[in-house]
Amino acid sequence: MLCGIDHVQLAAPPGTEDALRAFYGGVLGMTEAPKPPALAARGGCWFRAGGVQLHLGVENDFRPARKAHPGLLVADLDACAVRLTAHGAPVEWDDGLPGRRRFYSADPVGNRLEFLAPEPA
């Protein structure tokens, strides 16, 4: 049946594409992916890095995802935390998942993001 996840969709309020590009592209180093013209007309933006695809779609009655979130694997968790902090994003460490180091942050519109890596051997 299922064989993987194609993408994760998060919502954003209208007119926030520049802030999303600065965060996902600039801070996280993701590449913006072109949207098909019919979908581009709706606003929002898509990003990818490695096998991860995040789609940010415009929602007029936007409310940030505060519990639901993507879990993003990173190669250097500490460097990621430093980079996010340097750009004003929150970093909240959580040691509640055995075998993983992780922290939570938020994008510029308040969507929750989890960043994690395996515990060192």
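User: Is tyrosine 24 buried or exposed?
Analyst: This is a predicted model; local features need pLDDT of at least 70, side-chain atom pairs count only at pLDDT 80 or more, and totals for chains, interfaces and linings use all residues. Residues are numbered from 1 along each chain as its sequence is written, and side-chain values use heavy atoms, without hydrogens and water. Buried means under 20% relative accessible area, exposed over 50%, partly exposed in between (1.4 Å probe, protein chains only). Tyrosine 24 has a relative accessible area of 0%, so the residue is buried.

User: What is the centre to centre distance between tyrosine 24 and phenylalanine 47?
Analyst: Rings of Phe, Tyr and Trp (its six-membered ring) pair if their centres lie within 6.5 Å; planes under 30 degrees apart count as stacked, over 60 as edge-to-face and the rest as tilted. The planes of tyrosine 24 and phenylalanine 47 stand at 25 degrees, a stacked pair. Their centre to centre distance is 5.5 Å.

User: Which residues form one aromatic cluster?
Analyst: Phenylalanine 47 is buried, at 1% relative accessibility. The cluster holds Phe23, Tyr24 and Phe47.

User: Is glycine 88 buried or exposed?
Analyst: Glycine 88 and proline 108 are 20 residues apart in sequence and 9.5 Å apart in space, C-alpha to C-alpha. Glycine 88 has a relative accessible area of 66%, so this residue is exposed.

User: Over which ring does the charged end of arginine 112 sit?
Analyst: A charge sits over a ring if NZ of Lys or CZ of Arg is within 6 Å of the ring centre and within 35 degrees of the ring normal. The charged end of arginine 112 is 3.8 Å from the ring centre of tyrosine 104.
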